[in-house]
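Here's a quick briefing to read with the model open beside you.

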Amino acid sequence: MPLASRFVSLLAIPVLVLSAATAHAQTSELPERTAASFVLALGRVPTADECTRFTPTEPQSFAQLLARHREQLQVSPAAQRVVTVKAWQDAFGRTPGETELAVTAANRAGTYTELMKLHLQWLAGHPADYEQVMHRAYRFLLNRDAYPAEIDYWKR
């Protein structure tokens, strides 16, 4: 075998090994990537069945997975409502009323992360409401209202 052919063969082996290892790493990351996409898009981890059904057979980018969730939310008002309620509960510490749900849906429905960003922006502009959220959180977690020093800390 000529020297050039041996050299090419020696270079080809590491390239093949590296590409196989990369493909395996991408495949083994799929369930974790899928689970993370559920958390950011829907505000929850997937069930085992959802993880199996939603994990693509071909590697997809994280952006592609989020786009799939967004598309599903656009065609399923029931799924969008569940995500909207979850984001509202997590941002405001209470279940929204029907009027609040309608206003949120009219303004812009979206993924859990998109809705949370909107809610947090709104709270930043409404300090009295933000303070009520802090009191609800302290009552839920510590069984008491927040002290004035704690309110000041969280406002910063």
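**Overall picture**

In the protein chain, 51% of the contacts with a separation of 6 or more are between residues 24 or more positions apart, a contact being heavy atoms within 4.5 Å. This is a predicted model, where local features need pLDDT of at least 70, side-chain atom pairs count only at pLDDT 80 or more, and totals for chains, interfaces and linings use all residues. Residues are numbered from 1 along each chain as its sequence is written, and side-chain values use heavy atoms, with hydrogens and water left out.

**Fold and surface**

- The protein chain has eight helices and zero strands; these are DSSP runs, numbered from the N terminus (helices are H or I, at least four residues; strands are E, at least two).
- Of the 156 residues in the protein chain, 28% are buried (buried is under 20% relative accessible area, exposed over 50%, partly exposed in between, with a 1.4 Å probe and protein chains only).
- The accessible surface of the protein chain is about 10500 Å², and 64% of that belongs to carbon and sulfur atoms (Shrake-Rupley method, 1.4 Å probe; for residues, only the protein chains shown count as cover).

**Aromatic pairs**

- There are four aromatic pairs: rings of Phe, Tyr and Trp (its six-membered ring) pair if their centres lie within 6.5 Å, with planes under 30 degrees apart called stacked, over 60 edge-to-face and the rest tilted.
- One of them is F38 with F54, edge-to-face at 5.2 Å centre to centre and 80° between the planes.
- F38 lies in helix α1 (residues 3-42) and F54 in helix α2 (residues 48-54), so this pair ties together parts 16 residues apart in sequence.
- F92 is buried at 6% relative accessible area, whereas W122 is partly exposed at 38%.

**Charges over rings**

- R68 has its charged end over the ring of F54, 3.9 Å from the ring centre (the cut-offs are NZ of Lys or CZ of Arg within 6 Å of the ring centre and within 35 degrees of the ring normal).
- R144 does likewise with Y147, its charged end sitting over the ring at 4.0 Å from the centre.
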